[in-house]
Each structure stands twice: as structure tokens, then as C-alpha cells.
Amino acid sequence: MKAANAADKMEIYKHYTTTNRISRSTYEMCELFFSRIVLCDLDWGTITRALKDIDSDIFKDWHPWFAAWQGLSDDFEQLADEAVVKQRHVTAGEALLRAAACQHFSEFMHFRVPGEKNAARKNVTRLFDRAIPYLPQDIRKVTIPYGDLPMPGYFIKAQGDSPGPAVIIVNGLESAKEVELFVFAKGYLERGVSVLLFDGPGQGVHIGHEPLVAEFEPVVGAALDYLGGMDEVDAGRIGIFGVSLGGNLAVRSAAAFPGRIRACVNFSGGFDYNNFATINPMVKNGFRYTFCVDTMEAAEEAIKAMDLTGTSSMETPLLCIHGRNDTIALYESCKKMMAWAAGEKRLISYPQERHVCVCYFQDLLPRAYDWLADRLNSPS
């Protein structure tokens with residue numbers, strides 16, 4: 001009887017996968033991305049449309065994934081075009097954001113064909129910029145000077161009196177200021193905190209062209225200078241939030257500017273990356289691409305420079321959020337960071353979770369927003 005029940009269940013499973021045409025192997029390969037995609041307002045139906053005809057190993061051949069998401073981006077942009085003609089501005093803004101997200105997810109681990117990646121990355125910004133006039137947020141395009149490298153970004157003003165608090169949100173290895181970071185920005189805006197998003201070296205539009213710099217403090221220093229010159233911002237109430245590799249960059253910057261950064265959130269960033277040899281090969285490729293080096297050996301040397309061992313500990317309040325099963329930034333690395341931090345500190349950990357705790361976004365993100373907003377919304 002038990003064998004019959006198992007067989008019946010398998011027949012049902014086959015029926016469902018035949019209906020939506022997602023193979024079991026494709027589902028298992030791509031499952032890690034699903035929460036991240038949904039976070040960016042692309043629903044399960046859109047994911048199904050993207051995956052339904054993929055029957056190859058995307059980690060060996062990214063093109064089927066790339067083509068599927070490119071096609072969906074075109075569909076959303078067509079919807080936006082029709083909405084603009086009919087002056088349906090809410091529809092236009094939402095569709096353009098989704099088109100930008102599809103472009104981003106098409107290219108976010110696509111390292112083997114730089115021309116395709118670069119073109120898609122430019123489209124992410126183009127589509128987001130098209131969306132700005134139709135969005136309810138007060139979004140201003142900015143350029144932050146950093147030596148000879150202009151850093152494009154967005155200042156998004158929260159409602160409320162000026163000058164007010166602001167947070168700098170720092171990119172991870174393969175995130176986009178127009179997509180994931182914009183989602184994070186909306187959480188802070190709703191809590192009265194303005195937001196600065198930008199692409200530093202090795203990030204966003206600069207990825208693959210300008211190498212990421214481990215010593216990120218001068219980059220954040222330029223962002224602080226920019227915010228400090230704005231009438232809308234209280235320079236005494238600036239925080240920083242970094243995701244994944246951006247968490248490491250945020251922490252080292254908060255430690256470097258204790259009087260200028262009031263509080264720091266590190267979301268899945270490591271104290272060090274001594275486990276580079278065991279990291280997923282696709283992620284290792286991302287490090288190689290971001291550091292603009294030709295070999296994995298060179299990438300490993302570059303990421304060793306991100307080790308915070310030997311740096312002065314930070315007095316700035318710190319919130320760390322981490323999954324205990326993280327294989328990219330190990331939980332042990334996070335615990336090193338907590339031991340190193342000398343000021344107010346708190347760790348939120350999720351026992352069964354992987355990198356960036358993908359199953360707990362709706363739990364952890366409100367905690368991150370509230371913790372930082374509480375410290376920035378109080379008077380200087």
C-alpha cells in the first residue's frame with residue numbers, strides 16, 4: 001500500500017512538472033535564487049515563465065537563463081510603453097521596475113560573455129531611470145566624485161522635516177542599486193530615513209571595468225562628503241547598511257569614520273574570507289570578475305585583503321544578521337566580527353539558513369530597518 005501511495009505521488013509530481021514544464025533538476029539548481037527574485041517584485045508566475053523550457057545546467061551554460069529573463073524584460077517594457085501612451089503612470093512605473101529586475105537577474109552571474117553582461121547591466125539603469133518619473137518616491141540622480149571615477153547613484157528623500165537622517169546602502173558582489181538595493185531603500189524611507197545608493201569601483205555599472213577595492217573607506221568617505229553637503233541631511237545622523245560582501249565594506253567604513261557614521265548593519269558580510277577555496281565556483285567567478293583579475297589565484301589574493309584582522313575595532317553600534325549554514329561568509333567569520341566589535345552590538349542568526357538568509361527576508365529586513373532607524377531618528 002505504501003509503495004502504491006509513493007507511486008501515486010510520483011505520478012502527481014510528474015503531472016505538475018509537465019504542466020509548468022519546469023524540470024526537477026532546474027528547480028533544484030535555481031531554488032536559491034527564488035526568494036531574491038520574489039523580493040524584487042517578480043512573482044512565482046514570472047519565475048515559472050522564465051524556467052519552463054530550461055533543461056540544461058545553467059552553471060555550465062547561462063545562456064538559456066539569460067535569454068529567458070531578457071525576453072521577460074522586453075515583455076514588461078512593452079507593457080510600460082503601452083501604459084505611458086495611455087497615461088497609466090502607476091502601471092508604467094511598476095512595469096519598468098520589473099523590466100529592470102529581469103535585466104538584472106539575466107546577467108547577475110553571467111561572467112563568460114562580458115559583452116552581454118555589460119549590455120544588460122546598462123539596461124538595468126536605463127529602465128530604472130525611465131521609471132523614476134512614474135514612481136512615488138522622491139528619487140534624484142546624483143554623481144559622487146571619487147578621484148577620476150564618477151560614482152553614479154540616487155539620493156532618495158524621505159518624507160519629513162529637513163535636515164533628517166540618511167543611510168548609505170552598499171552593494172554586494174552581484175546586487176544592483178536599481179533592484180535589490182532599491183527594495184532595501186524603501187524599507188528605510190518608510191521609517192523616515194533618506195537613502196543614498198551608488199556604484200563604487202567594482203559595483204553596478206563599474207563591474208568588470210573598475211576593480212573592487214578592499215580598502216573601501218575612501219569610497220564611503222566620498223559618499224559621506226556628498227551627503228554632508230546636502231541641506232536635506234543631518235550629517236550627525238548618517239548610518240550604513242551593507243549586504244553580503246557589502247557588509248564587510250560597510251563595517252570597515254563604519255570603523256574608519258566613528259564620528260560620521262552613527263550605526264552600521266552588516267547583512268551576511270564576513271570578517272574574512274579564508275574559506276575561498278571551498279566557495280561555490282560560480283561565486284568564485286564573481287570575485288574574479290569583480291576584482292578584474294584573470295585567475296582564481298589572483299582573486300584569492302585580492303579577497304585576502306578584505307580580512308579585518310589587525311584593523312582597529314569599531315565603537316560604532318553594529319547589527320549583524322547571518323545564517324549559520326552560510327558557505328560564502330562563514331558563520332564563524334561573523335562571530336569573529338562580533339568579538340572584534342567593541343561598542344554596542346547585536347547578532348541575529350538563523351540556524352538553518354544559507355547566505356543572505358533567503359527564507360527569512362520578511363523577518364530579518366524589518367528588524368534591520370527598525371534597528372538602524374531607531375538609532376538615526378533620535379536627535380544628534
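1. Helix H5 gives the most to the lining of the second largest pocket, with 6 residues. H2, H5, H7 and helix H13 (361-377) each supply at least two residues of that lining; helices here are DSSP runs (H or I, at least four residues) numbered from the N terminus. The model is a predicted one, in which local features need pLDDT of at least 70 and side-chain atom pairs count only at pLDDT 80 or more, while totals for chains, interfaces and linings use all residues. Residues are numbered from 1 along each chain as its sequence is written, and side-chain values use heavy atoms, with hydrogens and water left out.

2. The second largest pocket holds about 590 Å³ of space. Its lining comprises 26 residues, of which Leu39, Cys40, Asp41, Val183 and Lys186 are the closest to its centre. By class, this lining divides into 16 nonpolar, 4 polar and 6 charged residues; Ala, Val, Leu, Ile, Met, Phe, Trp, Tyr, Cys and Pro count as nonpolar, Asp, Glu, Lys and Arg as charged, and the others, Gly among them, as polar. A pocket is an open set of points on a 1 Å grid over the protein atoms alone, with protein on both sides within 12 Å along at least five of seven lines, and lining residues have an atom within 4 Å of a point. Grid points are joined across faces, edges and corners, and a volume is the space filled by probe spheres set on the points.

3. For the largest pocket, the volume is about 730 Å³. Leu32, Arg36, Val283, Ile328 and His355 are the closest to its centre among the 36 residues of the lining. Two or more residues come from each of helix H2 (24-39), helix H7 (180-189) and helix H10 (281-290), and H2 provides the largest share, 5 residues. The lining has 23 nonpolar, 9 polar and 4 charged residues.

4. There are 2 cavities of 30 Å³ or more, a cavity being a set of points where a 1.4 Å probe fits but cannot get out. The largest cavity has about 60 Å³ of space. Its lining includes His104, Glu107, Lys117 and Arg121; helix H5 (89-107) and helix H6 (114-131) are the elements that give it two or more residues.

5. The structure holds 24 aromatic pairs, that is, rings of Phe, Tyr and Trp (its six-membered ring) with centres within 6.5 Å; planes over 60 degrees apart count as edge-to-face, under 30 as stacked and the rest as tilted. Phe105 and Phe108 form an edge-to-face pair, 5.5 Å centre to centre with 85° between the planes. Both belong to a cluster that also links Phe33, Phe59, Trp62, Trp65 and Trp69. Phe105 is buried at 0% relative accessibility, and Phe108 is buried at 1% (buried: under 20% relative accessible area, with a 1.4 Å probe and protein chains only).

Note on methods
Buried means under 20% relative accessible area, exposed over 50%, partly exposed in between (1.4 Å probe, protein chains only).
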